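Please read it with the sequence and the model side by side.

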Amino acid sequence: MIKRFRNWALLSILACMVVCPAAKAQDRRTIAEPVAPHTVCDRLVPSGKNDTVSLQDAIQHCPAGAAVYLGRGEFHSGPLEMKSGVTLWIGRGAALIAIPEPAAYDKGRGECGRITGKGDGCRPFISFFRTRGGGIYGEGIIDGQGGAMMGGGAETWWQLARRAQAEGGNQNAPRLIQIDHAQDITFSGVTLRNAPNFHVAMNRVEGATFWGLTIDSPADARNTDGIDPGASQDVTITHSLIRTGDDNVAIKAGDNGSSSHISIIDNYFGWGHGMSIGSEVNSGASDILVRNLTLDGTTSGLRIKSDVSRGGLVERVTYDNVCLRGNRWPVAFDAKYDPRAQGTKIPVYRQIVLRHVRGDNGVLLMRGVDERHALDVTLEDVRFANSATWQLEYANVTANHSDVSPSLPGRATEPLPRGSEACARAFRDGNR
């Protein structure tokens, strides 16, 4: 399944690249493909039991600039805390597996594995807290076992999440990886799968590169976001394949700070909720580039979501050369994400550009709060099937109308140009 996933992703990215000129990345760093660490401080083999102690000990005693290498086999572990400058190298054939024991992740309040009002009762599986440098490298797997039965219970982490949704509470489930108040973090090559909660969550991170990752969880696994940069700057996500049960990528900017200078380049998103900004943007999100992206079967495609309870300024966002297929809402820029929300944090979206965007059916939604806070969007060579429908409300759209189809309200429909053929061909190839 993963091999077919990779092949379709490569076809889609290459097809998109044929028709689109390069655009300037918004990450201010110079990014190059990561290379393997030069020094290995420890080589571990699985014990066949719980490997938490040996893994944590190896990380703690590894000097900065070196790597802890995991050899072939299955390592079962509870929460791990990374150290500045240390890389966890998961070799080919190695799998680091999170034990499904709520007590191992509990923060001391007895809430992990339960439903409560807040939902922050679990430690993450892997934590980068106030670290600089280092990261995760290799061709192996990190498996959160979100679908495994929790120890001492009668349901999985994902079933707990669904029950919380039905009961109106919040599940307490561990995030797979949390990066918090960290700098210069690099992930390369690794597969992250089956997270009990978010796969990678970030808070106040300065400089992070995600290169060649595969993130894979079932489409119905609730709250399993792929990568969520929050209150972070200078982040690049590239050459990665992401399919999840929630947002494939979600850029957030809540009370903890703004997010800016983020590049999402040359990626493939399978099922999930799309390429999202929000819903928390009250601290502001800006200078974001999404280029050479295929969204295949995501419920939403390109999405900016917020409301008056958590809104703020989202500006200078460019979507350049995007292919969409099978999306219910290929474009969803919505300042009334929760129409029942109350508050004074008004979402304002401006300097939003869609350039060389191709898709098929679905609803193309652009909805501002009111006339005073209308969306500001520019369309350049944006083409969908004639059966797609525009829904515009409090949106100032700038476009050469012969360059957009279906036509914006009140304009005649134009045929698709030859430039859309590469995207269409990639869609056909993916169905074979």
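Helices (H or I, at least four residues) and strands (E, at least two) are DSSP runs, numbered from the N terminus. Residues are numbered from 1 along each chain as its sequence is written, and side-chain values use heavy atoms, with hydrogens and water left out. This is a predicted model, in which local features need pLDDT of at least 70 and side-chain atom pairs count only at pLDDT 80 or more, while totals for chains, interfaces and linings use all residues.

**Overall make-up**

The protein holds five helices and 33 strands. Of its 432 residues, 59% count as buried, where buried means under 20% relative accessible area, exposed over 50%, and partly exposed in between (1.4 Å probe, protein chains only). The accessible surface of the protein comes to about 17,500 Å², and carbon and sulfur atoms account for 48% of that area; such areas come from the Shrake-Rupley method with a 1.4 Å probe, and for residues only the protein chains shown count as cover. Among contacts (heavy atoms within 4.5 Å) between residues at least 6 apart in sequence, 73% join residues at least 24 apart.

**Disulfides**

A search of the whole structure finds two disulfides, a disulfide being a pair of cysteine sulfur atoms within 2.5 Å.

| Pair | S to S distance | Torsion about the S-S bond |
|---|---|---|
| Cys41 and Cys62 | 2.0 Å | about -110 degrees |
| Cys112 and Cys122 | 2.1 Å | 110 degrees |

The torsion of about -110 degrees makes the disulfide of Cys41 and Cys62 left-handed. This pair links distant parts of the chain, 21 residues apart, with Cys41 in strand E1 (residues 39-44) and Cys62 in the loop between helix H2 (52-60) and strand E2 (66-70). Cys41 is partly exposed at a relative accessible area of 30%, whereas Cys62, at 0%, counts as buried.

The link of Cys112 and Cys122 is right-handed. Because Cys112 lies in the loop between helix H3 (102-105) and strand E7 (115-116), and Cys122 in the loop between E7 and strand E8 (126-129), the pair ties together parts that are ten residues apart in sequence. Both Cys112 and Cys122 are buried.

**Backbone details**

Arg204, in the loop between strand E15 (200-203) and strand E16 (206-211), has a phi near 55 degrees, a positive value in a residue other than glycine. Its relative accessible area of 40% makes Arg204 partly exposed. Arg316 also has a phi near 55 degrees, but the place of Arg316 is in strand E26 (residues 313-325), and at 34% relative accessibility Arg316 counts as partly exposed.

Where are cis peptide bonds found? One joins Ser405 and Pro406, with omega about -5 degrees, and Pro406 lies in the loop between strand E33 (404-405) and helix H5 (421-430). Another joins Gly278 and Ser279, with omega about 10 degrees; Ser279 is placed in the loop between strand E23 (275-278) and strand E24 (285-296).

**The surroundings of Lys252**

Gly278 and Ser279 are also among the residues in contact with Lys252, once its neighbours within four places in sequence are left aside. Is Lys252 buried or exposed? At 18% relative accessibility, Lys252 counts as buried, and Lys252 is located in the loop between strand E21 (249-251) and strand E22 (259-269).
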